[in-house]
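Have the structure open while you read.

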Amino acid sequence: MTRTNAAPVPAPEDFRTEARRWLSDVADHRGTRGQEWGSGDDSVAVFENWTEDEERAHTERIRAWERTRYDQGWGALGWPEEYGGRELPAYYEQLYRAEEAAFDVPRRTEIFPVTQQLVAPAIRIWGTEEQRRRWLRPMLRTDELACQLFSETEAGSDLAAVRTRAVRDADGDGWVLRGHKVWTSGARVATWGVAVCRTDPDAPKHAGITVFLVRMDAPGVTVRPIRQMTGGSSFNEVYLDDVRVPDTDRLGPVGEGWRVTLTVLAAERLDSGTLGLDNADRALDLARNLPRPLTGGEQQQAGDLFVRTLVQRLIGLRVTAALVAGQEPGAEASVGKLYATATMRATTDLVHQLLGPRLAADTGEWGTFAWTEHLLGAPGYSIAGGSDEIQRNILAERVLGLPKDPKPTPKQTEEGAR
């Protein structure tokens with residue numbers, strides 16, 4: 001992107017120094033609040049175990065911080081000035097996050113990156129000028145939050161098989177939506193839902209799909225929490241019962257919704273490469289602070305996890321480098337997603353080895369039983385953000401050049417029948 005009228009890009013180290021100075025003025029450094037190992041919040045939940053009131057309260061705390069960032073020039077770093085940004089290279093967001101991690105600020109829940117890093121970029125690409133004016137600044141500032149109304153029980157990981165219908169209303173200036181969506185994070189606190197709908201049931205599978213932005217408080221929208229193994233409900237099912245949506249809230253052309261959906265999914269997989277790194281770092285801290293010497297096997301596991309975190313961050317930098325070069329990181333994003341879920345499993349394995357029975361008993365001891373929420377939540381990310389099987393299919397097709405639907409040879413058919 002040309003920066004003819006923009007301020008010069010600061011050197012990375014100068015940018016980090018500037019970010020550190022600003023953060024010191026507006027937030028407490030973790031080291032200055034006595035938050036050494038064994039004190040403070042020991043939550044390592046993958047999917048939060050909150051009531052609706054707790055989710056709303058925490059969302060407002062995050063929102064207040066995100067507004068402070070945005071208003072003082074530290075939000076929307078890669079966006080043009082017209083949207084409140086500084087038009088910096090994509091990886092400067094990672095540089096900023098690395099500095100912010102040392103300060104006591106609210107930990108973002110999933111709906112914030114969904115809004116800022118998935119939905120807002122899709123609106124920028126596919127939205128009309130009026131839609132960009134209406135939605136982008138409020139979403140980047142988090143005045144309005146958006147969730148994904150993608151998955152359905154019948155479709156599984158095959159989003160092109162959606163059955164939620166959108167039909168033109170009698171006047172022709174709006175649509176009526178009817179269907180059922182599942183696994184929607186943040187539905188209870190979202191202002192908007194990005195709904196993938198079928199508008200032409202007779203069209204081929206990947207055609208006849210259209211995307212809409214649906215107000216989550218519209219008549220006919222019902223949000224029902226889905227109970228997790230941990231007892232909480234951080235994601236939901238959403239029912240759309242004759243929900244009326246004006247055509248001005250349609251995103252992209254009619255029937256071209258699959259392309260819009262792919263834009264969101266690509267951004268989701270780019271972001272998923274950083275999944276679980278905070279908990280992996282916490283597990284390594286647990287190993288350093290264990291009140292006994294590590295066994296040889298534990299040392300090996302901890303060393304393996306440490307190397308994994310480095311490799312995962314390097315994969316993230318490679319994805320960012322592709323973006324900076326104006327390329328679409330397809331295979332890299334899929335590798336990053338697969339590697340992230342493997343890191344989460346390795347984190348679980350190390351913690352289980354280090355804590356043993358203390359992991360399963362709620363004794364009140366800091367940093368022990370809290371890990372059960374990671375153990376129970378981590379497997380979910382082998383499905384979330386595009387299942388591991390889908391990522392392997394992408395790599396098989398786009399990297400190895402394998403056909404999508406290989407037909408068995410006569411010999412294979414004969415052997416399969418035996």
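Which residue lies over the face of Trp79? That's Arg124, at 5.0 Å from the ring centre. Keep in mind that this is a predicted model. Aromatic pairs come to a count of 12, and salt bridges to 32.

**Around Trp79**

- Trp79 and Tyr83 are both buried.

**Phe15 and Tyr92**

- A pair of aromatic rings is described by two things, the distance of the centres and the angle of the planes.
- For Phe15 and Tyr92, the centres sit 4.9 Å apart and the planes are at 65 degrees, so this is an edge-to-face pair; the cut-off for that label is over 60 degrees.
- Phe15 has 0% relative accessibility, so it counts as buried.
- Tyr92 is buried too, because its relative accessible area is 1% and the cut-off for buried is under 20%.
- Both rings belong to a cluster: ring pairs link Phe15, Trp22, Trp65, Trp74, Tyr92 and Tyr96.

**Another charge over a ring**

- Over at Tyr339, Arg308 lies over the face of the ring, at 4.7 Å from the ring centre.

**Salt bridges within a helix**

- Arg56 and Glu52 meet through their side chains in a salt bridge, at 3.1 Å from N to O.
- These two are four residues apart in helix H2 (residues 52–71), so about one helical turn separates them.
- Arg56 counts as partly exposed at 38% relative accessibility, and Glu52 is partly exposed with a relative accessible area of 35%.
- In helix H7 (residues 277–288), Arg288 and Asp285 are three residues apart, which means they are separated by about one helical turn.
- Their salt bridge has its closest N and O atoms 2.7 Å apart.
- Here the two partners fall into separate classes: Arg288 counts as exposed at 56% relative accessibility, whereas Asp285 is partly exposed with a relative accessible area of 29%.

**A salt bridge across the sequence**

- Asp143 and Arg67 form a salt bridge, and their closest N and O atoms are 2.9 Å apart.
- Asp143 lies in the loop between helix H5 (129–140) and strand S1 (146–149), while Arg67 lies in helix H2, so the pair ties together parts that are 76 residues apart in sequence.
- Asp143 counts as partly exposed at 30% relative accessibility, and Arg67 is partly exposed as well, with a relative accessible area of 26%.

**A charged network**

- Salt bridges also link up into a network, made of Glu66, Arg69, Glu93, Arg97 and Glu100.

Note on methods. Residues numbered from 1 in each chain as written. Predicted model: local features only at pLDDT ≥ 70, side-chain atom pairs only at ≥ 80, totals over all residues. Heavy atoms only, no water. Phe/Tyr/Trp six-rings, centres within 6.5 Å; stacked < 30°, edge-to-face > 60°. Buried < 20%, exposed > 50% of the residue type's maximum accessible area, 1.4 Å probe, protein only. Lys NZ or Arg CZ within 6 Å of the ring centre and 35° of its normal. Salt bridge = Lys/Arg side-chain N within 4 Å of Asp/Glu carboxyl O.
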